[in-house]
Amino acid sequence: MAENKESVTLVDDKEEKKRESLLVFGNNIAEIPCFRKSFLVGISSGLGGGIIYFLLTSNTRKAPHVAFGTYFLGTLGTWAYCRYNWSATRFKQRQLQKGLEMKVMYEGTDLERKMLSNADSKEV
């Protein structure tokens, strides 16, 4: 009987995780790189910008416009910066992976010895 209860709880946990994820255009937003960080920065910058503008000017009509503008710019700026760094890191990782695959493929062959001898002669 105890085994059935454990298997039921595992299934329930999986179903809860599926329900917690939010799909946008068929993509789980929790798995999109930089999504969470950019929206957190955008929300906090929008809130801060709107409050500061209201406290400085007491203009109730324009404060929400400033808040939305700073939210939009904060989100867009953080998204662009984070995605650029993510793409550059991913590109470097792929290059390194390809280099390691080539090293493993040429290890112990005559071509490796020629490449090593050429590298040694260029250093001197």
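This is a predicted model: local features need pLDDT of at least 70, side-chain atom pairs count only at pLDDT 80 or more; totals for chains, interfaces and linings use all residues.
**View 1. The whole chain.** Residues are numbered from 1 along each chain as its sequence is written, and side-chain values use heavy atoms, with hydrogens and water left out. Along the sequence the order is α-β-β-α-α-α, giving four helices and two strands (DSSP runs numbered from the N terminus: helices are H or I with at least four residues, strands E with at least two). The accessible surface is about 10,700 Å², and carbon and sulfur atoms own 63% of that (Shrake-Rupley method, 1.4 Å probe; for residues, only the protein chains shown count as cover).

View 2. Threonine 75 is buried at 10% relative accessible area, and threonine 78 is buried at 16%. Leaving out residues up to four places away in sequence, threonine 75 touches Ser38, Phe39 and Gly42, while threonine 78 touches Lys37, Ser38 and Val41 (contact means heavy atoms within 4.5 Å). A polar atom of the threonine 75 side chain also lies 2.8 Å from the backbone oxygen of tyrosine 71.

View 3. The whole structure has four aromatic pairs (rings of Phe, Tyr and Trp, using its six-membered ring, with centres within 6.5 Å; planes under 30 degrees apart are stacked, over 60 edge-to-face, the rest tilted). One of them is phenylalanine 39 with tyrosine 71, tilted, at 6.4 Å centre to centre and 50° between planes. That pair links distant parts of the chain, with phenylalanine 39 in H2 and tyrosine 71 in H3, 32 residues apart. Phenylalanine 39 is partly exposed at 28%, and so is tyrosine 71 at 24%. Tyrosine 71 also pairs with phenylalanine 68: the centres are 5.9 Å apart and the planes are at 40°, so this pair is tilted. Both residues are in H3, three apart, about one turn of the helix. Phenylalanine 68 is exposed at 52%. Ring pairs join Phe35, Phe39, Phe68, Tyr71 and Phe72 into a cluster.

**View 4. Leucine 55 at the surface.** Leucine 55 belongs to helix H2, residues 35-57, and counts as exposed at 63% relative accessibility.

Notes:
Buried means under 20% relative accessible area, exposed over 50%, partly exposed in between (1.4 Å probe, protein chains only). A polar contact is a pair of N or O atoms within 3.5 Å; within protein, one must be able to donate a hydrogen and the other to accept it, and residues adjacent in sequence count only if both atoms are side-chain atoms.
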